[in-house]
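The exercises below are to be worked with the sequence and the coordinates at hand. Each task is followed by a solution in steps.

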Amino acid sequence: MSTAFTNSSDVLAGWQPGEFAAQGMRFPTFRRGSGPGVIVIHEVPGITPLVARFANELVDAGFSVVMPSLLGEPGRAPSPTYLASSMLRLCVAKEFTMLATKQSSPIIVWLRALARELHAELGGPGVGAIGMCFSGGFALGMMVDDAVAAPVVSQPSLPVPLGNKRSRALGLSAHEEAAMIAKAKAGCQVLGLRFRGDRLVGKRFTTLREKLGDAFIAIELPSVKPSDHSVLTEQRDDASVERVIGFFRDKL
């Protein structure tokens with residue numbers, strides 16, 4: 001049974017705060033649960049109550065979940081002002097790449113290190129990784145590491161889809177893209193989720209189909225409103241949440 005929250009002060013109850021440093025970067029982390037490891041990378045503006053709700057459902061399903069806090073104030077609910085301030089941080093921070101089509105965000109190297117540490121501790125075939133919105137494509141960059149066995153890409157929105165080239169881009173370097181394709185050919189599947197009318201995703205699902213073939217499992221939902229974006233949180237689709245849980249169970 002999933003955990004529900006009535007206000008933001010309840011969001012991180014039971015989660016162990018920590019910090020992880022690698023590659024000259026240091027970010028807070030929150031951890032809870034037991035079982036195979038899964039890294040949940042939040043969307044804009046940060047670890048909101050609904051992101052934490054989703055992470056708690058993974059805990060309830062039998063996973064050790066780590067949530068890095070890359071933006072914003074952990075546990076704070078979204079608001080227009082808060083969203084704007086987090087977007088500003090995202091645009092100016094050197095850890096993230098907003099526009100480059102053949103360059104990954106430096107934060108992916110940090111996330112790979114986090115995945116390796118979690119895998120070394122827990123063992124098994126590897127860990128799961130799920131990115132959402134600006135972090136959606138990060139799971140693709142993480143999957144090139146042996147530690148990541150179950151990458152999930154939800155509404156990937158970087159690089160910002162201005163023009164056809166950026167709309168199709170995955171936000172990976174040429175080396176990372178080649179490694180992603182090779183790992184998919186070796187049997188690693190990628191689960192992707194989006195609303196069909198989500199313009200922020202651009203044409204990335206087309207690119208993933210072309211490059212990964214049958215290794216890419218696409219969950220594409222009809223858009224009820226033009227603003228439908230966050231498949232697992234703000235515009236939550238219950239069946240998609242269960243599909244992600246099932247994917248992690250199958251792979252981990």
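**Exercise 1.** Which residue in β8 does F195 stand opposite?

Solution. The model is a predicted one. Begin with the two strands: β7 covers residues 190-195 and pairs with β8 in the parallel sense, over six bridges. Then read off the position in β8 that faces F195, which is L221. As for burial, β8 is mostly covered, with five of its six residues buried.

**Exercise 2.** Give the strand order of the sheet and identify the strands at the edges.

Solution. The open sheet has eight strands, in the order β1-β2-β4-β3-β5-β6-β7-β8, and its pairing is mixed. The ends of that order are β1 (16-22) and β8 (216-221); each has a single partner strand, so one side of each lacks a neighbour in the sheet. From one strand to the next, the twist averages 20°.

**Exercise 3.** Describe how α1 packs against α8.

Solution. Two quantities are needed, since packed helices are described by the angle between their axes and the distance between the axes. For α1 and α8 (residues 238-251), the angle is about 40° and the axes are 11 Å apart. The pair is therefore classed as oblique. The crossing of α1 past α8 is right-handed. At the residue level, F54, E57 and L58 in α1 meet V241, V244, I245 and F248 in α8.

**Exercise 4.** Is L111 buried or exposed, and which residues does L111 contact beyond its neighbours within four places in sequence?

Solution. L111 is found in helix α3. Its relative accessibility is 0%, so L111 counts as buried. With the neighbours within four places in sequence left aside, L111 is in contact with I39, I41, P68, F138 and M142. A further distance can be checked: the C-alpha atoms of L111 and A22 are 8.8 Å apart, although 89 residues separate the two along the chain.

**Exercise 5.** Find the backbone exceptions: which peptide bonds are cis, and which residues have a positive phi although they are not glycine?

Solution. The reference case is that most residues other than glycine have a negative phi, and most peptide bonds are trans.

- The bond from V44 to P45 is cis, with omega near 15°; P45 sits in the loop between β3 and α1.
- The bond from L158 to P159 is cis, with omega near -5°; P159 sits in the loop between β6 and α5.
- Q23 has a phi of about 55° and lies in the loop between β1 and β2. Its relative accessible area is 58%, so Q23 is exposed.
- C133 has a phi of about 65° and lies in the loop between β5 and α4. Its relative accessibility is 11%, so C133 counts as buried.

Conventions: Residues are numbered from 1 along each chain as its sequence is written. This is a predicted model: local features need pLDDT of at least 70, side-chain atom pairs count only at pLDDT 80 or more; totals for chains, interfaces and linings use all residues. Side-chain values use heavy atoms; hydrogens and water are left out. Two strands pair if DSSP finds at least two bridges between them. Helices (H or I, at least four residues) and strands (E, at least two) are DSSP runs, numbered from the N terminus. Axes are lines fitted to C-alpha atoms, for helices over the stretch in contact, and angles run from 0 to 180 degrees between N-to-C directions. Buried means under 20% relative accessible area, exposed over 50%, partly exposed in between (1.4 Å probe, protein chains only). Angles under 35 degrees count as roughly parallel, over 145 as roughly antiparallel, 65 to 115 as roughly perpendicular and the rest as oblique. A crossing is left-handed if the near helix is turned anticlockwise from the far one by less than a right angle, and right-handed if clockwise. Contact means heavy atoms within 4.5 Å.
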